[in-house]
Amino acid sequence: MTRGAIGIIGASLAGLNAGLELRRQGFAGRLVIAGDEPHKPYDRPPLSKEMVRGTWGHDETKLAFDEDELRAEWRLGDPAVALDAAAGEVTFASGVREQFPGGIVIATGAAPRIIAGCELRGVHIVRTLEDSTALHASLAATTGPVVVIGGGFVGQEVAASCRELGLPVTLIEVAAPARHALGEEVAMHLAGIHRRNGVDVRLGVAVAAIEGEGTVTGVRLADGTLLPAAVAVVGVGVTPNVDWLAESGLTLDNGIVCDETCLAAPGVVAAGDVARWPNQRYGEMRRVEHWDNAVRQAVHAARRLLAEDGSAEAALPYTPVPWFWSDQYGLKLQLIGSTFGHDEVRILADPAKPDRVLALYRRGDRLNAVFGINNAKRLLAFRRMLEDNPSWDTGLGEAALLLAPAA
Amino acid sequence: MDHSASNMASRESPFAGEDFRMKVVVDWALCDGNGACALEAPTIFELSDDDELIVLTDEFGEALRDQAAAAVRVCPKRALRLEM
């Protein structure tokens with residue numbers, strides 16, 4: 001029996017990988033991939049790095065895939081505006097309605113949080129190709145100063161890119177860079193890296209207002225300080241794109257609530273930034289906004305959809321060890337596992353390579369996460385180990401072995 | 001022969017019973033040594049002590065097709081491709 005048409009909503013990294021996996025698993029029916037943007041899937045990590053610096057353009061961000069293998073009908077630049085999950089029907093902004101009796105994959109991602117002042121000329125967010133192109137144009141036309149609001153990884157990467165362009169940059173963060181994820185000590189280490197590279201890092205201070213008449217002129221801090229700004233970049237987190245699902249019948253709560261297998265409703269799966277599911281490995285109900293998760297969860301969700309009628313392997317829980325990376329100032333930052341709710345951070349010194357950082361995160365009696373800078377081989381060893389849910393003692397033992405001088 | 005490669009080969013021959021061959025190509029200008037490929041395909045990729053990618057075997061048979069494809073898929077720098 002031929003399975004009916006499948007719709008993938010979100011022409012993203014996750015959407016593309018879901019489509020490719022459906023084909024690899026033998027789905028031969030009609031496949032529609034719909035996206036609100038006019039582009040076929042492209043890669044977002046370069047948008048805060050190579051694209052901002054102007055060394056890459058749109059072409060270099062395009063995700064490579066074989067159209068003959070994917071055999072998708074593309075519906076681009078036509079946002080989905082409603083879903084009837086029970087009927088398997090999606091309505092698009094153009095008024096077109098499509099039935100997907102074979103199932104629906106939702107990969108609509110997330111959108112940057114907007115604050116007052118974002119409408120001013122010279123104020124940028126970074127999520128889409130157009131955002132990044134506009135930011136680069138602003139940066140190319142100024143000698144600064146640049147103010148980056150938000151010390152998450154997007155903000156940090158933009159600040160680093162601005163320094164590589166030779167622009168004066170101030171980075172404002174109410175806490176410390178990525179503190180909620182990495183803990184105080186590692187966050188302060190990151191702040192130190194930015195300072196050594198010439199960024200004016202302001203921690204523990206909130207933004208009161210972005211100022212300007214039509215065009216940004218400065219950023220006012222809560223303590224009254226005015227930072228002049230020719231360009232401001234706002235990177236204060238994202239919210240999942242679920243507004244279009246309000247009447248869908250799906251459960252929405254900080255994303256699409258899925259079961260442990262990524263199933264949101266019969267015939268509906270979700271993947272990527274928009275999907276919130278219980279990762280049984282850590283006992284956490286979370287969304288994961290990482291590139292690697294978009295790929296892996298999409299593959300899992302595609303198989304899960306096909307498992308409904310038995311045309312793929314049984315429905316398995318999705319229990320990844322998350323992996324995140326960031327590149328700044330030529331440094332390679334990697335985070336493996338979950339630092340959520342950690343009880344202790346153990347920072348390990350490497351006498352041979354003081355510039356390398358390795359931080360272990362304990363939760364209860366388990367090693368739950370490892371963060372490192374310029375430490376890829378060791379982190380690979382930990383990544384393999386974290387698949388087995390190691391105890392804290394096992395993790396410390398492994399770390400001692402890895403850090404021991406070569407015999 | 002690189003001893004690390006022979007070590008792997010003793011466990012699983014890259015050509016186990018296959019005529020079909022494929023080749024993995026690394027774009028060294030893009031590779032950043034993250035090691036994502038080595039997680040998925042430890043028979044094909046490893047990292048050196050200096051965090052540089054080592055290709056243990058760049059041609060292999062059907063038996064390694066799935067892990068090679070997974071390695072290509074998870075490379076965050078999109079530095080890998082498979083040639084059939």
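Let me start with one residue in chain B. B:Arg78 sits in the loop that runs between helix H3 (65-74) and strand S5 (80-83) of chain B. Its phi is positive, about 50°, although B:Arg78 is not a glycine. Is B:Arg78 buried, exposed or partly exposed? The relative accessible area is 23%, so B:Arg78 counts as partly exposed. Keep in mind that this is a predicted model.

Look for A:Asn374 in the loop between strand S27 (366-373) and H10 of chain A.

One more backbone point. Where is the cis peptide bond? The bond joins A:Gly144 and A:Pro145, with omega about 0°. A:Pro145 belongs to the loop between helix H5 (129-140) and strand S10 (146-149) of chain A.

Now the interface. How many residues of chain A touch chain B? The count is 29 residues of chain A, in contact with 22 residues of chain B. On size, a general remark. An interface is often described by the accessible area lost when the parts come together. Here, about 2000 Å² is buried between chain A and chain B. Carbon and sulfur atoms give 47% of that area. Three residues stand out on the chain A side. A:Lys377, A:Leu380 and A:Arg384 supply 26% of the area that chain A buries against chain B, more than any other three residues.

Next, polar links. Between chain A and chain B there are eight salt bridges. In one salt bridge, the side chains of B:Lys77 and A:Asp327 meet at 2.3 Å, N to O. Polar contact across the interface of chain A and chain B comes to 12 residue pairs, both residues at pLDDT 80 or more. Which elements of chain A give two or more residues to the side that touches chain B? The helices are H1 (13-24), H3 (58-61), H9 (291-307) and H10 (376-386). The strands are S23 (323-328) and S24 (331-337).

Stay on strand S24 of chain A, where we find A:Lys332. A:Lys332 has a relative accessible area of 9%, so this lysine is buried. What surrounds A:Lys332, leaving aside neighbours within four places in sequence? In chain A, the contacts are A:Ser326, A:Asp327, A:Gly372, A:Ile373, A:Asn374 and A:Ala376. From chain B come B:Asp32, B:Gly33 and B:Asn34. A polar atom of the A:Lys332 side chain lies 2.3 Å from the backbone oxygen of B:Asp32. As for A:Ala376, that residue is 44 places from A:Lys332 in sequence, yet 8.0 Å away in space, C-alpha to C-alpha.

Last topic: rings. Over all chains, the count is five aromatic pairs. One of them is A:Phe65 with A:Trp74. That pair is tilted, 5.8 Å centre to centre with 45° between the planes. A:Phe65 has 21% relative accessibility and counts as partly exposed. Then A:Trp323 and A:Trp325. Their ring centres are 5.8 Å apart and their planes are at 25°; under 30 degrees counts as stacked, so this pair is stacked. A:Trp323 and A:Trp325 are both buried. Ring pairs also bring in A:Trp291, making a cluster with A:Trp323 and A:Trp325.

One charge to finish. The charged end of A:Arg75 sits over the ring of A:Phe92, at 5.1 Å from the ring centre.

Conventions. Residues are numbered from 1 along each chain as its sequence is written. Chains are lettered from A and ligands numbered from 1 in the order in which they are written. This is a predicted model: local features need pLDDT of at least 70, side-chain atom pairs count only at pLDDT 80 or more; totals for chains, interfaces and linings use all residues. Side-chain values use heavy atoms; hydrogens and water are left out. Rings of Phe, Tyr and Trp (its six-membered ring) pair if their centres lie within 6.5 Å; planes under 30 degrees apart count as stacked, over 60 as edge-to-face and the rest as tilted. Buried means under 20% relative accessible area, exposed over 50%, partly exposed in between (1.4 Å probe, protein chains only). A charge sits over a ring if NZ of Lys or CZ of Arg is within 6 Å of the ring centre and within 35 degrees of the ring normal. Contact means heavy atoms within 4.5 Å. Buried area is the accessible area (1.4 Å probe) that two parts lose on being put together, summed over both. A salt bridge is a side-chain nitrogen of Lys or Arg within 4 Å of a carboxyl oxygen of Asp or Glu. A polar contact is a pair of N or O atoms within 3.5 Å; within protein, one must be able to donate a hydrogen and the other to accept it, and residues adjacent in sequence count only if both atoms are side-chain atoms. Helices (H or I, at least four residues) and strands (E, at least two) are DSSP runs, numbered from the N terminus.
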